[in-house]
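Here is a short report on one protein chain. Keep the sequence and the 3D view at hand as you read.

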Amino acid sequence: AAENACRITLGQVNQMRPRLPLLKILQAAGAQGETFTLKEVMHYLGQYIMVRQLYDKRQQHMVYCGGDQLGELLGLESFSVKDPSPVYDMLKRNLTSAAM
Ligand SMILES: C[C@@H](c1ccc(Cl)cc1)n1cnc(-c2ccccc2)c1-c1c(C(=O)NCCN2CCN(C3CCCCC3)CC2)[nH]c2cc(Cl)ccc12
């Protein structure tokens with residue numbers, strides 16, 4: 001009923017909980033905690049790629065993740081940052097809503 005409807009704030013509704021393999025990658029990039037917004041997940045994945053030097057120094061839109069945990073999660077040896085679809089597919093498999 002309306003009087004005991006649970007109240008969640010806007011901030012809570014977009015928190016996502018990564019599955020363990022993705023959480024470990026985010027933590028390797030400096031993430032704290034267990035729930036993140038999609039923006040935070042993308043930020044930490046970008047940091048991870050930078051820190052692990054997975055991008056090509058000359059063709060900086062190319063990411064070579066074969067042999068890295070990121071490549072395991074994506075199921076790819078490499079991808080271009082210009083085509084985010086494989087990353088979104090991986091996130092669909094590895095993020096669950098943390099609301100409530
Ligand atoms: C638009 C955005 C993006 C975001 C999501 C997706 Cl699915 C594709 C693309 N993007 C554009 N280039 C990159 C990028 C390129 C090489 C190395 C690291 C990041 C990113 C990525 C960011 C990010 O948070 N980007 C902030 C600004 N970036 C500019 C590029 N900068 C580096 C480029 C290489 C040379 C050093 C600077 C780092 C900051 N997060 C990502 C996570 C993944 Cl799984 C893949 C790529 C990125």
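## Fold and overall form

From the N terminus on, the elements run α-β-α-α-β-α-β-α-β. That order holds five helices and four strands. Helices (H or I, at least four residues) and strands (E, at least two) are DSSP runs, numbered from the N terminus. The model is predicted: local features need pLDDT of at least 70 and side-chain atom pairs count only at pLDDT 80 or more, while totals for chains, interfaces and linings use all residues. Residues are numbered from 1 along each chain as its sequence is written, and side-chain values use heavy atoms, with hydrogens and water left out.

The C-alpha atoms fill a box of roughly 60 × 25 × 20 Å, taken along the principal axes. Of the 100 residues in the chain, 32% are buried. Buried means under 20% relative accessible area, exposed over 50%, and partly exposed in between (1.4 Å probe, protein chains only).

## The nonpolar core

In soluble globular proteins, nonpolar side chains tend to be buried together. Here the largest nonpolar core has 22 residues. Such a core is a set of buried Ala, Val, Leu, Ile, Met, Phe, Trp, Tyr and Cys residues joined through side-chain atoms within 4.5 Å. Leu-22, Leu-45, Leu-70, Met-90 and Leu-91 touch the most other members. Helix H2 (20–28), H3, H4 and H5 each give two or more residues to this core.

Take Leu-91. Not counting residues up to four places away in sequence, Leu-91 touches Leu-22, Leu-38, Val-41, Met-42 and Leu-45. Contact means heavy atoms within 4.5 Å.

## An aromatic pair

The structure holds one aromatic pair. The ring centres of Phe-36 and Tyr-44 are 6.2 Å apart and the planes are at 70°, so the pair is edge-to-face. Rings of Phe, Tyr and Trp (its six-membered ring) pair if their centres lie within 6.5 Å; planes under 30 degrees apart count as stacked, over 60 as edge-to-face and the rest as tilted. Phe-36 is buried, because its relative accessible area is 2%.

Gln-53 sits in the loop between H3 and strand E2 (62–64). Gln-53 is not a glycine, yet its phi is positive, about 50°. Is Gln-53 buried, exposed or partly exposed? Its relative accessibility is 48%, so Gln-53 counts as partly exposed.
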